[in-house]
Structures are given as structure tokens and as C-alpha cells.
Amino acid sequence: MDDSGGHDVAGQHETEARQVGLGHPPNSDQPRPAGAVRVLMLGDVIGKPGRVALEGPLPELRHARGIDFVTANGETLAGGMGLTASTADALFAAGVDVVTSGNHIWDKREIYATLETEERILRPLNYGNHDVTGRGWGIFHAADGTELAVINLQGRTYMQPIDNPFTDADRLLEEGVEPLPAVRLVDFHCEITSEKNALGVYLDGRVSAVVGTHTHVVTADERILPGGTAYLTDVGMTGPRDSVIGIRSDDAIQKFITQMPKRFNLAEGAGQLSAVLLDIADDGRARRIQRLQIHDD
């Protein structure tokens, strides 16, 4: 408090800054807090190069790090555009528990029927339910028995003008017939950093993690917010490393130079796996957030 009895704003900001926990060093291997469930969330898996980059290290990574639950965004898994039942099955076989998605989930019409029957594949919740197939969230069980919810949301800035992800999240979290499990993971598929950041702050204390996908470029702002929510603006892609967000560099550069129509082809060569590792206590509060990146060369 200041001498006049007013609130000490500077002091408040210093306290809030101390309450924000920074992420642990990337790729470190620190012990899990007692009683916490360990979760791995992967960003956009791009075509066959991404699947190969995931299939190699993921089984051993799950074993070595004691990972209980894995999500991966699969909207660009089928040749770089969309998802099919067979490509989703490849992720499940490699150790992924739930496949999230985004705007490209609709690119392969053959996935529509699968979205109705396969509970482990999610599409963004805020496409609504009117004549839209699939589901935007689900309740699952981790390997250690922890019950958890996975929620898939999509941003609107520079994207499709679908329902509001902020208010749709409110309805799910606050108006459900029964409360969701304490551990709640959000994949926010979104174009701009400010919208992602805003949703993370908005949901702080109400979900365990808000992890951004879609831009294919990993950010370095991982932290645990004051209310206990782990946050990362974008987890990055799992796919060909020597590329422009997964496509052949020459294709992307030609498009930027000429602005002429250009067919994009997936890049080849060495791949990378990009993910974020989370330790979450049984009260739903994150205890640890750490970026992981593994190169297959």
C-alpha cells in the first residue's frame, strides 16, 4: 500500500510476476513430482515425414520419461492436408492416445464418418453441433489411471468465423451437467499469438494446460500461469526440419516472390519431433512444463 492508502500497483505486478513459473530447460529430464500425471502434447504432425519422426522416438520416449498420456494434432497428417482413418490409426499404434485437429480436419471427406465413431479423434469444439460431425472434447484415462479431459478449440482471427472459443469454453466448463475431471488439456488451434495468449490467461485456473498449435513454429514462452495453468503459444510441428513450415522451401519461396498459384509439396529429409511435457497434480494444477524437440538424424 502507498502512503495515501491507494493500492501499490507496482508491488502487485512484482508479486504477480513471481507467481508465474517459468518452464523447465528444454529436453531436460527432471523427476516427476509425487502423484502427478505426466502428459506429452505434440503439435501438428505433417504427412509421412511427421509420422516417421514420431513413430521412431515416441515409444521409447514414453517408456524413458514415464509418460502416461499423449495427444497429437493430426489435421495435416494425410499428405499435409487433412486426416484419414488409416493415418490416425498409425498415430494410435505409435503411442498417441488422442488426436486433436483444426481447420484442415475437413479436407478429407472420408474422415467424416470416422469422427462420429472414433472418440479418440477430436475436431474443434467451436464449430458447433448444427450439421457438424464429430465432437470437440472427450474424457479419457491415462496409463496411471488418471481421468482427464481433452478439449479442442480453434481461433477466429484470420481463420473461419466460427463460434467464439472463449464463450464455448465457458459453457463447457461451467454449464455441464457434471463437472469435468480436474485434469483438463486444451489444444488451441489458432493463427495469432495474441489470441492464444488471451485464451491462456482467460482459462488460467480453470484448465490444466493451454497449448497452441497451427503455426508450425515453436515458441519459447512456456510457463505456468498464476492460477496453475501451463501455457505455450505454439508447440511447433512434427515433420521435415529443412522446410518452410513443412513444405518444400523452393515451393514456398516461389509463391512469395511471384504470388502465382503454386502446388505445395511436402519437404523430405531429416525430421523433428516437437512436443511439450507436462506434470499435472491431481488437483488439476500444472507443476511442470518443458519443451521437447528430437531430431531424427
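Predicted model: local features only at pLDDT ≥ 70, side-chain atom pairs only at ≥ 80, totals over all residues.
D279 is buried, with a relative accessible area of 0%.

D279 belongs to strand β12, both faces of which are covered. On one side, G271, L273, A275, L277 and D279 are all buried; on the other, the buried residues are Q272, S274, V276, L278 and I280. Ten of the ten residues of β12 are therefore buried, and the strand is largely enclosed by the rest of the structure.

Strand β12 has several pairing partners. With β2, β12 pairs in the antiparallel sense over six bridges, and V39 has L278 of β12 as its bridge partner. The pairing with strand β11 (residues 239-240) is also antiparallel and comprises two bridges; here the bridge partner of G239 is Q272 in β12. Strand β13 (residues 286-295) pairs with β12 in the antiparallel sense over nine bridges, with S274 bridged to Q293 in β13. The hairpin of β12 and β13 has five residues between the strands, and within this hairpin G284 takes a positive phi near 90°.

A search of the whole structure finds 15 salt bridges. One of them is formed by R65 and D29, with the closest N and O atoms 3.5 Å apart. R65 lies in helix α3 (residues 58-65), whereas D29 is in the loop between β1 (21-22) and β2 (37-44), so the pair ties together parts that are 36 residues apart in sequence.

D251 is buried, with a relative accessible area of 3%, whereas K262, at 32% relative accessibility, counts as partly exposed.

In helix α2 (residues 47-55), the residues G47, P49, G50, A53 and L54 are buried. Seen down the axis of α2, these residues fall within an arc of 140°, so they line one face of the helix. The elements against which the buried residues of α2 pack are β2, α3, α4 (85-94), β11 and β12.

In helix α7 (residues 193-202), the buried residues are E195, K196, L199 and G200. Because they cover an arc of only 135° around the axis, they are placed on the same side of α7. T193 and V201 are exposed on the other side of the helix. The cover over the buried residues of α7 includes β6 (147-154), α6 (165-174), β7 (183-189), β8 (209-213) and β10 (230-232).

Attention then turns to the nonpolar interior. In soluble globular proteins, nonpolar side chains tend to be buried together. The largest nonpolar core of the model has 28 residues, and those with the most contacts inside it are L40, L42, L54, L83, L91, V96 and I121. At least two residues of this core are supplied by each of β2, α3, β3 (69-73), α4, α5 (111-117) and β12. Helix α4 gives the most to this core, with four residues. L83 touches G74, E75, L77, A78, A88, V99, I105, K108, I111 and I121, residues up to four places away in sequence not being counted. Another core, of 23 residues, lies apart from the largest one and includes V183, L185, A230 and V276.

Terms used. Residues numbered from 1 in each chain as written. Heavy atoms only, no water. Buried < 20%, exposed > 50% of the residue type's maximum accessible area, 1.4 Å probe, protein only. Arc of directions from axis to C-beta. Contact = heavy atoms within 4.5 Å. Salt bridge = Lys/Arg side-chain N within 4 Å of Asp/Glu carboxyl O. Pairing = 2+ DSSP bridges. Core = buried A, V, L, I, M, F, W, Y, C linked by side-chain atoms within 4.5 Å.
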